Amino acid sequence: KMKMKMKMKMKMKTTEKLDKLAAVLLMLVSGAGAVGTAGCGTFYQDMSCREDCGSCGQPCCALQWTIPIAASVTLNALKTRVFNASSSGGYDGRFSLVSISPPDLLEGSFSSSFYSCSAAALLGPSAAGTLPCVLVQGEHRPAGSRMVKYTDKLNFAIFSSSKNETTLKAFIISPFILSTCDGGSNYQTLQNIILQLGVPSYTQSTLYGCPQK
């Protein structure tokens, strides 16, 4: 009888632990326990938590990332992992690369120097001098949208902050859509891009638009 009682107690404790573990996993996946039902403010937040409703006249979003890799590696990752120059449409089939400046970097040659951009563009109006940079333009067609007028415009500025650090600025705008709000899709596109780059780590800041709810 004693053995049976001990087994029952152990079984109950094991069941309680499994129930708690299941609850924690459910919370992580669904974002439960965060602000609101959408889980705004958590890693698993719904993209509507970063909805923009016409900050640039039309929905837009501008983010900045600091990445612990060289600018040439960042550029190469942007070309091959996001726009995927070897196949049409990039990683989700809806990206297109418009231009890279300086233009010779389009073919993957890093022998020439980058542009010299004003340091104030990265460090603020009081900063003097220049920093090496590369400018990239692209487009992204939202899911289910095949008409050119719904294509989102992408602009990137890659700054070589130091030998092994890159500052990447990204801007996306939806020029012609039927609604003044994007439902958070522009922020989501930029998030997918930074994750697609496969960088070891990064820090992010919001420059304009797509406010956190």
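Tutor: The link of Cys56 and Cys60 is right-handed, with 70° about the S-S bond. The sulfur atoms of Cys56 and Cys60 lie 2.0 Å apart in this predicted model.

The torsion about the S-S bond is about 60°, so the link of Cys61 and Cys210 is right-handed. This pair joins distant parts of the chain, as Cys61 belongs to strand 1 and Cys210 to the segment after strand 7 (203–209), 149 residues apart. Cys61 is buried, at 0% relative accessibility, and Cys210 is likewise buried, with a relative accessible area of 0%.

A left-handed case is the link of Cys40 and Cys49, with -85° about the S-S bond. The sulfur atoms of Cys40 and Cys49 are 2.0 Å apart. Cys40 has a relative accessibility of 12%, which is under the 20% limit, so Cys40 counts as buried. Cys49 is buried as well, at 0%. The count for the model comes to 4 disulfides.

Leaving aside residues up to four places away in sequence, Leu190 touches Cys61, Leu63, Trp65, Leu154, Ala170 and Ile172. In the largest nonpolar core, which has 29 residues, Leu190 is one of the four that touch the most other members, together with Leu78, Val136 and Phe156. Two or more residues of this core come from each of strand 1, helix 2, strand 2, strand 4, strand 5, strand 6 and helix 4. Helix 2 contributes the most, with 6 residues. A second, separate core of 7 residues includes Cys117, Leu122, Leu131 and Cys133.

Helix 2 itself runs over residues 71–83. At 1.5 Å a residue, its 13 residues should span 18 Å, and the end C-alpha atoms are 17 Å apart, which agrees. Its buried residues are Ala71, Thr74, Leu75, Ala77, Leu78, Lys79, Val82 and Phe83. Among the elements that cover them are strand 1 (60–67), strand 4 (130–140) and helix 4 (185–196). Just after helix 2, Asn84 adopts a positive phi of about 50°.

How values were computed. Residues are numbered from 1 along each chain as its sequence is written. This is a predicted model: local features need pLDDT of at least 70, side-chain atom pairs count only at pLDDT 80 or more; totals for chains, interfaces and linings use all residues. Side-chain values use heavy atoms; hydrogens and water are left out. Helices (H or I, at least four residues) and strands (E, at least two) are DSSP runs, numbered from the N terminus. The expected span of a helix is 1.5 Å times one less than its number of residues. Buried means under 20% relative accessible area, exposed over 50%, partly exposed in between (1.4 Å probe, protein chains only). Contact means heavy atoms within 4.5 Å. A nonpolar core is a set of buried Ala, Val, Leu, Ile, Met, Phe, Trp, Tyr and Cys residues joined through side-chain atoms within 4.5 Å. A disulfide is a pair of cysteine sulfur atoms within 2.5 Å.
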